[in-house]
Structure formats: structure tokens, C-alpha cells
Amino acid sequence: MAKISKRTINNLREFMSRGCEYSGTQDVVNDLMNESLRDMGAKVIQADDVALVDWDEDTIGMLDDFANIFWDKATDKILNVLETEK
């Protein structure tokens with residue numbers, strides 16, 4: 001794979017940031033969460049209505065919070081791999 005410039009990595013990092021308004025990344029993440037729920041059989045439910053519960057039935061958070069954290073970590077790892085390619 002060809003080396004990706006630092007500028008391109010930085011542009012991708014900004015573009016994939018959920019805070020980037022012009023790319024609409026947060027909307028993409030929200031759409032992916034809800035589409036995934038529908039793929040799993042949910043009819044009307046939205047990701048911000050879904051709580052994550054541990055074995056002790058304690059709520060550990062909401063699905064949309066998990067998906068946002070996951071997105072941020074996944075994109076960071078992916079971009080770090082691309083950045084180190086030679």
C-alpha cells in the first residue's frame with residue numbers, strides 16, 4: 001500500500017470526527033446504529049432508547065453512547081494503522 005501523507009491522515013481524522021459538521025459523521029453514526037437495530041429485527045426502536053445492562057442487571061449505559069465511544073476508538077485505531085503504513 002502506498003504511504004498516506006500526514007495531511008491526508010489529518011483530513012480523514014477531521015472528516016471522521018463526530019464533531020465535524022460538514023461531513024455529518026454524527027448523523028452517519030446514528031443512522032448506522034438504527035440500521036443495525038433494524039437488521040437485528042427491531043421494528044420502531046431507536047438506539048437512544050436502548051440501555052446496555054450487565055449480568056447483575058445494572059445499567060451500564062445507553063447504546064448510542066457505546067456506539068459513539070466505539071466509533072471514536074475504531075476510527076482512531078484504523079487511522080493509526082494507515083498512518084504507520086510504509
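Modeller: A salt bridge is a side-chain nitrogen of Lys or Arg within 4 Å of a carboxyl oxygen of Asp or Glu. Keep in mind that this model is predicted.

Colleague: What is the general idea behind such pairs, and how many salt bridges does the structure hold?

Modeller: Side chains of opposite charge can pair when their charged atoms come close. This structure holds four salt bridges.

Colleague: Take Lys 6. With which residue does Lys 6 form a salt bridge?

Modeller: With Glu 83; the closest N and O atoms are 2.6 Å apart. Lys 6 belongs to helix α1 (residues 6-16) and Glu 83 to helix α3 (residues 63-84), so the pair ties together parts that are 77 residues apart in sequence.

Colleague: Are these two side chains buried or exposed?

Modeller: Lys 6 is exposed, because its relative accessible area is 53% and exposed means over 50%. Glu 83 has 23%, so Glu 83 is partly exposed.

Colleague: Which Arg forms a salt bridge with Glu 83?

Modeller: Arg 13. Here the closest N and O atoms are 3.8 Å apart. Arg 13 sits in helix α1 and Glu 83 in helix α3, so this pair ties together parts that are 70 residues apart in sequence. Arg 13 is partly exposed, at 28% relative accessible area.

Colleague: Which residues do salt bridges that share partners join into one network?

Modeller: Lys 6, Arg 13, Asp 76 and Glu 83.

Colleague: Now the rings. How do I read an aromatic pair?

Modeller: A pair of aromatic rings is described by the distance of the centres and the angle of the planes. The structure holds two aromatic pairs. One of them joins Phe 15 and Tyr 22, with 6.1 Å centre to centre and 55 degrees between the planes. That pair is tilted. Phe 15 is partly exposed at 42% relative accessibility, whereas Tyr 22 is exposed at 59%.

Colleague: Which residues form the negative surface patch?

Modeller: Asp 27, Asp 31, Glu 35 and Asp 39. Asp 39 is in helix α2 (residues 25-39). Its relative accessibility is 63%, so Asp 39 counts as exposed.

Note on methods. Residues are numbered from 1 along each chain as its sequence is written. This is a predicted model: local features need pLDDT of at least 70, side-chain atom pairs count only at pLDDT 80 or more; totals for chains, interfaces and linings use all residues. Side-chain values use heavy atoms; hydrogens and water are left out. Patches are made of residues with over 30% relative accessible area and no salt bridge: like charges are joined within 9 Å, nonpolar side chains (Val, Leu, Ile, Met, Phe, Trp, Tyr) within 5 Å. Accessible areas come from the Shrake-Rupley method with a 1.4 Å probe; for residues, only the protein chains shown count as cover. Lys and Arg count as positive and Asp and Glu as negative; His and the chain ends are not counted. The place of a charge is taken as NZ of Lys, CZ of Arg, CG of Asp or CD of Glu. Helices (H or I, at least four residues) and strands (E, at least two) are DSSP runs, numbered from the N terminus. Buried means under 20% relative accessible area, exposed over 50%, partly exposed in between (1.4 Å probe, protein chains only). Rings of Phe, Tyr and Trp (its six-membered ring) pair if their centres lie within 6.5 Å; planes under 30 degrees apart count as stacked, over 60 as edge-to-face and the rest as tilted.
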